[in-house]
Amino acid sequence: MECTIKQFIADAKSIMKKGEGVEQQMAIGERMKVLAKRDDLDRLGKRIGAGDGCTDAWVLHMEPDKSAVLCLAQFDPGYCSQAHNHGVWVVACGYRGTDTWKMYERLDDGSRPGYADLRGIGEVHLGPGSVSLIPDAPFDVHSHNNLGSRDSWEFVFLGREPDMTKRMLFDPVTKKAWRSDFRGVSGALEKMNLKSFAGK
Ligand SMILES: [Fe+2]
């Protein structure tokens with residue numbers, strides 16, 4: 001049976017009531033794989049445009065208290081984002097094409113303004129229907145890279161949107177770090193005078 005966004009969100013909320021560890025995150029990922037079989041999700045979301053880590057995005061769901069956030073992010077061919085953090089755990093599922101995550105561990109304590117020491121810890125190749133987790137800090141720093149010749153798309157689910165004023169961008173080579181001006185799904189919705197969105 002085809003999964004709806006509404007059903008996915010109900011399942012994810014029910015899973016999170018039992019906890020928010022890796023076991024629960026993977027269970028949410030299994031539901032995302034089912035939802036990813038639909039090919040019409042971009043038409044069910046509200047377009048919020050480019051963020052600081054993608055070339056376009058749609059919100060599929062966000063509760064008024066900024067919890068249960070489901071987005072669809074798109075990456076143009078050749079697009080490589082700045083490394084950034086999320087500050088919270090994230091479950092992602094590939095939808096179209098392949099997004100390559102370059103993953104980093106932050107080695108410094110963040111106390112020196114404008115500075116971050118990052119160590120590369122590997123790559124994740126997220127193709128259609130494959131699920132991966134972004135853990136909490138300090139292992140949450142990553143970049144999105146579309147190395148293919150067609151668009152890549154992925155779903156992102158967050159239990160709740162973090163404080164977006166703490167979002168950072170990084171240059172792993174020069175070790176520079178600076179605050180992002182991206183204000184997330186809630187910021188994009190606020191510009192449209194919306195506090196929430198519920199995809200069907
Ligand atoms: Fe990201």
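These are my notebook entries on a predicted model of one protein chain.

**Entry 1: the whole chain**

I began with the overall make-up. The protein chain has 4 helices and 13 strands. I then looked up its radius of gyration, which is 16 Å. The globule rule gives 16 Å for 200 residues, so the chain is as compact as a globular protein of that length. Along the principal axes, the C-alpha trace spans about 50 × 35 × 35 Å.

Next I looked up burial. Of the 200 residues, 37% count as buried. I also checked how far apart in sequence the contacting residues are. Taking contacts between residues at least 6 apart in sequence, I noted that 72% join residues at least 24 apart.

**Entry 2: helix α2**

I turned to helix α2, which covers residues 22-35 and has 14 residues. From first C-alpha to last, α2 reaches 20 Å, close to the 20 Å expected at 1.5 Å a residue.

Which residues of α2 are buried? I found Q25, I28, G29, R31, M32 and L35. They lie on the same side of α2, because they cover an arc of only 160° around the axis. I then asked what covers these buried residues. The cover includes helix α1 (5-16) and the strands β5 (90-96), β8 (131-134) and β10 (152-160).

**Entry 3: strand β11 and its partners**

I followed strand β11, residues 168-171, to strand β4, residues 83-84. The two pair in the antiparallel sense over 2 bridges. In this pairing, H84 stands opposite L169 of β11.

I then looked at strand β12, residues 176-179. β11 and β12 run antiparallel and are joined by 4 bridges. M168 has R179 in β12 as its bridge partner. The hairpin of β11 and β12 has 4 residues between the strands. In that hairpin, K175 takes a positive phi near 65°.

**Entry 4: G110**

Last, I looked up G110. Where is G110 found? It is in the loop between β6 (99-106) and β7 (118-126).

I counted the other C-beta atoms within 10 Å of G110 and noted 15. A buried residue needs 20 or more and an exposed one has 12 or fewer, so G110 is partly exposed.

I also took the distance from G110 to E2. In sequence, the two are 108 residues apart. In space, they are 45 Å apart, C-alpha to C-alpha.

Technical notes
Residues are numbered from 1 along each chain as its sequence is written. This is a predicted model: local features need pLDDT of at least 70, side-chain atom pairs count only at pLDDT 80 or more; totals for chains, interfaces and linings use all residues. Two strands pair if DSSP finds at least two bridges between them. The radius of gyration is taken over C-alpha atoms; the globule rule is 2.2 Å times the number of residues to the power 0.38. Two residues are in contact if their C-beta atoms, placed from the backbone, lie within 7 Å. The expected span of a helix is 1.5 Å times one less than its number of residues. The arc is that of the directions from the helix axis to the C-beta atoms.
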